[in-house]
Amino acid sequence: MVTGRETGGVRDAAVDLLLGGSCLGCSVPGRLVCPACRAALPSDATPRWPSPPPPGLVTPFAVTAYEGLARSLVLSHKEHRMLALTPVLGRLLARSVAAAFAGLVSPGGPVGPVLLVPVPSRPSTVRARGHDPTLAMTRSAARVLGAGVSVAPLLRSRPGVVDQAGLDVVQRRANLAGSMAVRPRELRRWARRGTAAHVVVCDDVLTTGSTAREAQRALAAVGVEALAVAVVAATARRSPAGESHLGVHGVSSGAEVPSPPATH
Ligand SMILES: [Zn+2]
């Protein structure tokens, strides 16, 4: 490919290579996720707590650890705008939402309305990426889950929040404290419906839990209590007892999973 702009040409070539069709999991030519890798994706979500969990965080559900194919899917969708992955990620996120409502969801669908509230991306990030990956996969998850499940982008990100990458757990909490607010117009729109809904905060990746906790706080500030957090993948190992093999407790940010996602 010759574009006359070397950096753009290299980038385009890289995108071509990716879009030219090979599986993100095993590199076999063809689809972005081959049938075998798709079948190997986890089918159930479980609680996956960060360590230490932010005080007051509702239970976070994830289908898998943030590694391997799951990590490739999230990054390719988010950073390389591979929108064909939106439904793949949406199905995974839907499993986390369903797990959060295991006691409420019947085979025919959830009992009572469920409201999925995506964690907001910074407007500058959405502009730079050309899309809002978390909102897109949350909408896709709602379509998978069917009737009774809606998406409400109730939250917005306030200015002044820096990228979370490279910050340790304490810095992340400080960076995010008060960083989100409810959009009054959206809230009024949903309040007018008059039915109480079960609210789940949705995101692509859970790292320290600070972002989800801030979303939960911003909702609670206007009287909306989130019941759970649903994500595709979590960086910490599964730790029902709150203990973690790969937690962030007592380690520097550099010891966390490499290249944490640019957060919202
Ligand atoms: Zn594959």
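Modeller: What follows sets values from the structure against the definitions of the terms used.

Modeller: This is a predicted model, in which local features need pLDDT of at least 70, side-chain atom pairs count only at pLDDT 80 or more, and totals for chains, interfaces and linings use all residues. Residues are numbered from 1 along each chain as its sequence is written.

Biologist: How many helices and strands does the protein have?

Modeller: The secondary structure comes to nine helices and ten strands. Helices (H or I, at least four residues) and strands (E, at least two) are DSSP runs, numbered from the N terminus.

Biologist: What makes Met137 a buried residue?

Modeller: A residue is buried if 20 or more other C-beta atoms lie within 10 Å of its own, exposed if 12 or fewer, and partly exposed in between, with C-beta atoms placed from the backbone. Met137 has 30 other C-beta atoms within 10 Å, so this residue is buried. Buried residues make up 42% of the 264 residues in the protein.

Biologist: Why is Ser27 called exposed, and why is Arg81 called partly exposed?

Modeller: Ser27 has 9 C-beta neighbours inside 10 Å and therefore counts as exposed. Arg81 has 13 C-beta neighbours inside 10 Å, so Arg81 counts as partly exposed. Ser27 lies in the loop between helix 1 (6–19) and helix 2 (35–40), and Arg81 in the loop between helix 3 and helix 4. Phi is near 70 degrees for Ser27, a positive value in a residue other than glycine. For Arg81, also a residue other than glycine, phi has a positive value near 55 degrees.

Biologist: What makes strand 2 largely enclosed?

Modeller: Strand 2 covers residues 60–65, and five of its six residues are buried, so the rest of the structure largely encloses this strand.

Biologist: How do you know that strand 2 pairs with strand 1 and with strand 10?

Modeller: Two strands pair if DSSP finds at least two bridges between them. Strand 1 (residues 46–47) is joined to strand 2 by two bridges in the antiparallel sense, with Pro47 opposite Phe61. Strand 2 and strand 10 (residues 226–234) run parallel and are joined by five bridges; Pro60 has Val229 as its bridge partner in strand 10. In general, strands of a sheet pair through backbone hydrogen bonds, either parallel or antiparallel.

Biologist: Which strands are the edge strands of the open sheet?

Modeller: The open sheet has six strands in the order 1-2-10-9-5-6, with mixed pairing. Its edge strands are strand 1 and strand 6 (149–151), each pairing on one side only. Strand 6 is joined to strand 5 (residues 114–118) by three bridges in the parallel sense, and Leu115 stands opposite Ser150 there.

Biologist: Why is helix 3 called oblique to helix 4?

Modeller: Axes are lines fitted to C-alpha atoms, for helices over the stretch in contact, and angles run from 0 to 180 degrees between N-to-C directions. The axes of helix 3 (residues 68–79) and helix 4 come within 10 Å and cross at roughly 130 degrees. That angle makes helix 3 oblique to helix 4, because angles under 35 degrees count as roughly parallel, over 145 as roughly antiparallel, 65 to 115 as roughly perpendicular and the rest as oblique.

Biologist: Which residues of helix 3 and helix 4 meet?

Modeller: Leu73, Val74 and His77 in helix 3 meet Thr86, Val88 and Leu89 in helix 4; residues are in contact if their C-beta atoms, placed from the backbone, lie within 7 Å. This contact has four nonpolar residues, two polar and no charged. Ala, Val, Leu, Ile, Met, Phe, Trp, Tyr, Cys and Pro count as nonpolar, Asp, Glu, Lys and Arg as charged, and the others, Gly among them, as polar.

Biologist: How do helix 4 and helix 6 pack, and what does Met137 touch?

Modeller: Helix 4 and helix 6 pack with their axes 7 Å apart, at an angle of about 65 degrees. Met137 has its place in helix 6 (residues 133–145). Not counting residues up to four places away in sequence, Met137 touches Thr86, Leu89, Gly90, Leu93 and Asp204. Met137 and Pro87 are 50 residues apart in sequence, and 6.8 Å apart in space, C-alpha to C-alpha.

Methods. Contact = placed C-beta atoms within 7 Å.
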